[in-house]
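Here are a few notes to read alongside the model. Please keep the picture open and look up each spot as you go.

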There are 2 protein chains.
Amino acid sequence: MRVAVIGGGVIGLALAWRLTADQHSVDLFDDRPGHGASRAAAGMLAPSGEAWFGEEPLLRAGVASLRQWPEFAARLGKDSDVDVGLRTEGTILLGADDADAQTLDQADRLLAQHDLAARRIDRRELGRMEPAVASGVRRALLLESDLSVHNRLLLDALLDAGARRGVTYHRERADVEVSDGRVRGVRGRTSGESHAADVVVIAAGHELSGVAGLPDRLRGVVRPVKGQILRLRMPDPLVRRTLRCLLHGDPVYVVPRLDGELVVGATSEELSDHAVTADGVYELLRRSIAFLPGLREAELTETLARSRPGTPDNAPIVGETGVDGLLVAAGHYRGGVLLTPLTAEAISALLRDESPPAEVAVLTPSRFNPTPPAE
Amino acid sequence: MRVAVIGGGVIGLALAWRLTADQHSVDLFDDRPGHGASRAAAGMLAPSGEAWFGEEPLLRAGVASLRQWPEFAARLGKDSDVDVGLRTEGTILLGADDADAQTLDQADRLLAQHDLAARRIDRRELGRMEPAVASGVRRALLLESDLSVHNRLLLDALLDAGARRGVTYHRERADVEVSDGRVRGVRGRTSGESHAADVVVIAAGHELSGVAGLPDRLRGVVRPVKGQILRLRMPDPLVRRTLRCLLHGDPVYVVPRLDGELVVGATSEELSDHAVTADGVYELLRRSIAFLPGLREAELTETLARSRPGTPDNAPIVGETGVDGLLVAAGHYRGGVLLTPLTAEAISALLRDESPPAEVAVLTPSRFNPTPPAE
């Protein structure tokens with residue numbers, strides 16, 4: 001089939017590449033592929049992080065996608081010349097005070113129900129594993145199954161692998177062309193050119209609502225949630241594992257890269273601008289320095305803000321739209337990188353007229369609307 | 001006379017422009033004029049700030065230069081098309097706790113001896129003057145005579161005025177050519193070309209020691225002192241006056257621009273690199289937010305580090321070097337913008353074989369060496 005993908009974030013790029021393996025002919029439309037929210041991401045592959053909010057469908061999808069990650073990374077490595085920097089040292093959850101410890105313990109009980117083994121570690125073990133962590137944290141939980149990936153290398157790898165497998169990249173935004181209740185293709189916003197397609201997948205992230213041709217009932221489901229992030233660099237990285245910390249109720253994470261970079265994030269603000277603010281940078285530094293005093297010595301190489309695509313239940317919308325041939329894969333909020341393999345697999349299954357994995361089936365766009373999709 | 005100026009910071013640019021008024025022919029050498037420490041400066045014209053350290057020669061020079069600033073800015077405005085954004089609302093010194101208040105009161109007593117009238121203002125008056133300042137500061141002193149200037153517009157204006165008055169800008173670094181104890185000119189480091197000159201003035205800031213031809217006994221007098229600075233922006237500026245704050249002994253200043261920008265500075269580190277660090281940014285935000293909580297909402301538009309030229313007594317070295325025809329104007333540390341008019345005037349006087357102003361005469365390079373300059 002001829003498939004058009006609208007959106008060149010991690011989701012759009014991954015499914016474009018994935019669909020070439022099914023012998024589809026793929027066109028991808030984005031004015032700056034790889035420069036949206038995916039570029040600001042930390043690359044944590046940590047479904048446990050989401051579990052703090054007790055959203056079980058999202059947690060199940062995250063766990064399923066995490067399991068696919070090693071094979072996904074290996075296949076991507078074969079199709080590109082880029083090593084995505086997969087790290088397997090796991091995550092340590094840290095709580096600063098008694099209330100933070102209670103929150104972590106609640107998350108731990110939820111995780112145990114989903115076969116995610118968290119192990120409580122004491123101060124001595126924590127000091128041995130990550131000596132840079134401040135003494136005096138109230139709770140430390142080790143999640144050995146969590147992974148992380150270098151988000152920018154991942155974007156490079158996907159672009160490269162897609163190009164090698166025949167994806168055609170069109171450097172412009174595009175809208176959907178529909179007639180008689182069926183997708184006909186897409187139209188480039190800059191060129192005005194139409195491109196015929198049997199299937200269109202909209203993977204436009206927080207810009208979903210702005211895509212012409214999307215059914216009205218799906219407009220407004222995805223909203224921009226601003227996130228600010230810092231990148232720092234030290235000659236010797238302070239930590240080996242991802243840290244997810246709660247400081248008197250305020251969250252912060254620190255993700256170490258194999259190349260010495262540290263990513264500190266992320267704020268969540270109900271805003272659509274991309275301004276880096278004094279408050280955002282101050283809070284990320286305050287919270288991360290509280291857990292890692294040695295971080296003060298790091299060079300602050302980048303501050304960045306992007307809009308992530310949020311949904312009412314914080315889980316993505318992946319599936320059919322009610323318009324024949326029109327699919328959506330958007331709203332991945334803070335879990336885009338984690339949910340990439342599962343999302344690409346689900347879209348591939350739908351194009352084969354198969355059911356998507358059960359963890360994705362429940363994330364159908366129709367859950368926000370009583371009208372079932374037309375068949 | 002034919003004068004060569006080495007260094008295109010605020011000092012070098014100002015004296016190049018100033019010397020054209022004395023009918024000298026001026027060549028200025030810098031690979032990137034206006035992009036060194038002057039570009040990172042906050043533009044405070046506030047000798048009181050230095051008074052905290054009790055360095056009286058520097059204080060006297062600052063007071064004398066401050067008095068020249070309005071006329072200097074007016075003349076510069078006539079010779080260029082750039083308004084340098086001189087602000088006349090004054091400075092407020094703020095102390096957070098009792099010890100900070102004591103430090104400010106000491107500074108106040110010193111200032112009173114130098115005809116700098118500081119006036120203690122109470123919380124009600126402070127609230128009326130600057131409602132954005134946090135309640136609960138222990139001491140507020142108003143210095144009505146302080147000024148401030150937009151450092152980057154100042155650099156633009158000096159470049160423009162110099163060009164109009166016939167300064168020739170050479171976009172390369174240069175060394176001094178000396179023979180038989182007399183300056184002969186300069187040699188460009190990139191082109192290797194020699195340019196004859198009757199007088200050479202080295203205004204190379206923290207790079208003074210690296211200029212070939214400088215007498216050995218002046219090498220090492222100037223050292224790099226790293227300063228980090230933040231630029232922020234708000235739709236409506238939070239304050240009208242410059243704030244110089246002490247937070248439990250830690251200093252920070254906030255300089256508001258007429259165009260809505262706020263400059264927050266500055267760290268002082270005995271380092272020569274230009275890396276922005278987590279510690280630098282965190283401390284500047286922590287201290288400034290403590291006095292101005294509303295600053296959290298500001299966009300953080302720039303973080304920058306530069307090396308300022310420090311000297312053993314924190315005062316610049318301005319005057320003759322012992323080599324016939326070779327002058328130095330460097331080592332202005334944190335006072336370069338403030339001391340610009342006085343420094344340019346002093347070099348102009350020396351070229352007329354007149355004595356420089358008394359406040360500059362004591363800043364002669366020979367003060368760091370028992371050997372008097374050869375006459």
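Is A:Asn314 buried or exposed? With a relative accessibility of 18%, A:Asn314 counts as buried; that word means under 20% relative accessible area, while exposed means over 50% and partly exposed lies in between (1.4 Å probe, protein chains only).

A word on the ground rules: this is a predicted model, in which local features need pLDDT of at least 70 and side-chain atom pairs count only at pLDDT 80 or more, whereas totals for chains, interfaces and linings use all residues. Residues are numbered from 1 along each chain as its sequence is written, chains are lettered from A and ligands numbered from 1 in the order in which they are written, and side-chain values use heavy atoms, leaving out hydrogens and water.

1. Let us stay with A:Asn314 for a moment. Its phi is positive, about 65°, although A:Asn314 is not a glycine. You will find A:Asn314 in the loop between β17 (299-310) and β18 (317-320) of chain A; helices (H or I, at least four residues) and strands (E, at least two) are DSSP runs, numbered from the N terminus.

2. A:Tyr333 also deserves a look. This residue is not a glycine, yet has a positive phi of about 50°. A:Tyr333 sits in the loop between β19 (326-330) and α9 (340-351) of chain A, and counts as buried at 13% relative accessibility.

3. Next, check a peptide bond. The one joining A:Gly265 and A:Ala266 is cis, with omega about -20°. A:Ala266 belongs to the loop between β16 (261-265) and α8 (278-291) of chain A. In chain B, the bond from B:Gly265 to B:Ala266 is cis, with omega near -20°.

4. Now turn to B:Arg18, in helix α1 (residues 10-20) of chain B. B:Arg18 counts as buried, at 11% relative accessibility. Its side chain makes a polar contact of 3.0 Å with that of B:Asp22 and one of 3.3 Å with that of B:Ser348. A polar contact is a pair of N or O atoms within 3.5 Å; within protein, one must be able to donate a hydrogen and the other to accept it, and residues adjacent in sequence count only if both atoms are side-chain atoms.

5. Finally, compare the two chains.
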